[in-house]
Amino acid sequence: MNVLAVALADESQRFIRGYPPKGARMFLQPNIEFMRLAALLRPGDHLRYLDERVEIVDAPDHGLCLVHVGWGQDDRARELLHNWSGDRRPPVFFGPQVTAWRERAPAWCRPRVIGDITDAWSALRADAESDSIQAVYRASDRPSYIAPVQLKVNPEMYSEHQTIQFVRGCYCPDPVRSLCPEHLYYDSNKLARNPEEVVGEVLTLPHKRIRLMDDDVAALPDYYLEMFNR
């Protein structure tokens with residue numbers, strides 16, 4: 001299956017043809033949710049990743065188009081859908097904004113995934129192959145861990161490090177919890193990974209430039225002390 005993966009950008013960050021990308025290159029990192037999804041692809045599948053911060057997104061010519069909608073990107077998602085209205089299959093929307101809408105999503109936001117797309121991927125892929133994509137897919141709120149893989153990205157992006165999580169789930173303070181994707185996807189559920197599993201993943205990373213994405217290493221002090229000692 002050919003998959004087009006589109007990471008949206010709001011107007012302040014969007015790439016303009018003839019100009020360099022906006023912002024420091026180290027912050028132009030590939031979308032983590034697409035990196036996790038790429039780990040689930042089967043042999044023979046092909047994922048083309050397009051990021052609006054560094055390139056112009058063209059009309060989809062793939063079997064399945066996925067559009068990640070972050071905060072403040074709903075207008076851009078609707079605009080993109082309008083521009084692609086003549087294509088045979090609409091894109092599938094997912095991401096923090098889509099999940100935050102839950103059942104109150106606007107009419108144009110279909111088909112869509114509520115929650116972590118990796119949990120809904122097997123059903124979505126099967127339906128895409130049979131050309132019977134559903135209007136809404138609901139992922140489980142039980143956290144799981146999928147080691148992200150590097151994507152083939154625009155050379156303007158920064159992809160020289162590996163991303164890892166020891167713990168899945170939200171430990172954000174109350175005032176900002178509603179904006180956290182981990183909270184939106186998993187509510188109060190959490191998953192602390194086995195230390196041997198984490199060490200094994202670190203040993204396989206090629207460059208050992210590691211970005212830890214956990215919310216708060218002070219949340220589980222004994223756990224993190226053991227992990228960093230190892």
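Which side chains meet in a salt bridge at 3.0 Å, N to O? I find that the side chains of Arg193 and Glu197 do, a salt bridge being a side-chain nitrogen of Lys or Arg within 4 Å of a carboxyl oxygen of Asp or Glu.

Before going on, I note that this is a predicted model, in which local features need pLDDT of at least 70 and side-chain atom pairs count only at pLDDT 80 or more, while totals for chains, interfaces and linings use all residues. Residues are numbered from 1 along each chain as its sequence is written, and side-chain values use heavy atoms, with hydrogens and water left out.

**Entry on Arg193.** I looked up the burial of both partners (buried is under 20% relative accessible area, exposed over 50%, partly exposed in between, with a 1.4 Å probe and protein chains only). Arg193 is buried at 3%, whereas Glu197 is partly exposed at 40%. The charged end of Arg193 also sits over the ring of Tyr145, 3.5 Å from its centre; I count this when NZ of Lys or CZ of Arg is within 6 Å of the ring centre and within 35 degrees of the ring normal. I found Lys190 placed likewise over the ring of Tyr171, 5.0 Å from its centre.

**Entry on other salt bridges.** My search of the whole structure gives 16 salt bridges. Among them, Glu129 and Arg125 meet at 2.6 Å, N to O, and both lie in helix α4 (residues 117-129), four residues apart, about one turn of the helix; helices are DSSP runs of H or I with at least four residues, strands are runs of E with at least two, and both are numbered from the N terminus. Arg125 is buried, with 4% relative accessibility. I also traced a network of salt bridges that links Arg14, Glu52, Arg76 and Glu79.

**Entry on rings.** I record nine aromatic pairs, where rings of Phe, Tyr and Trp (its six-membered ring) pair if their centres lie within 6.5 Å, and planes under 30 degrees apart count as stacked, over 60 as edge-to-face and the rest as tilted. One of these pairs, Phe34 with Tyr49, is edge-to-face, at 5.9 Å centre to centre and 70° between the planes. Because Phe34 lies in helix α1 (residues 32-38) and Tyr49 in strand β2 (residues 46-51), the pair ties together parts that are 15 residues apart in sequence. Phe34 is buried at 0% relative accessible area, and Tyr49 is buried at 4%. Elsewhere, I see ring pairs linking Phe166, Tyr223, Tyr224 and Phe228 into a cluster.
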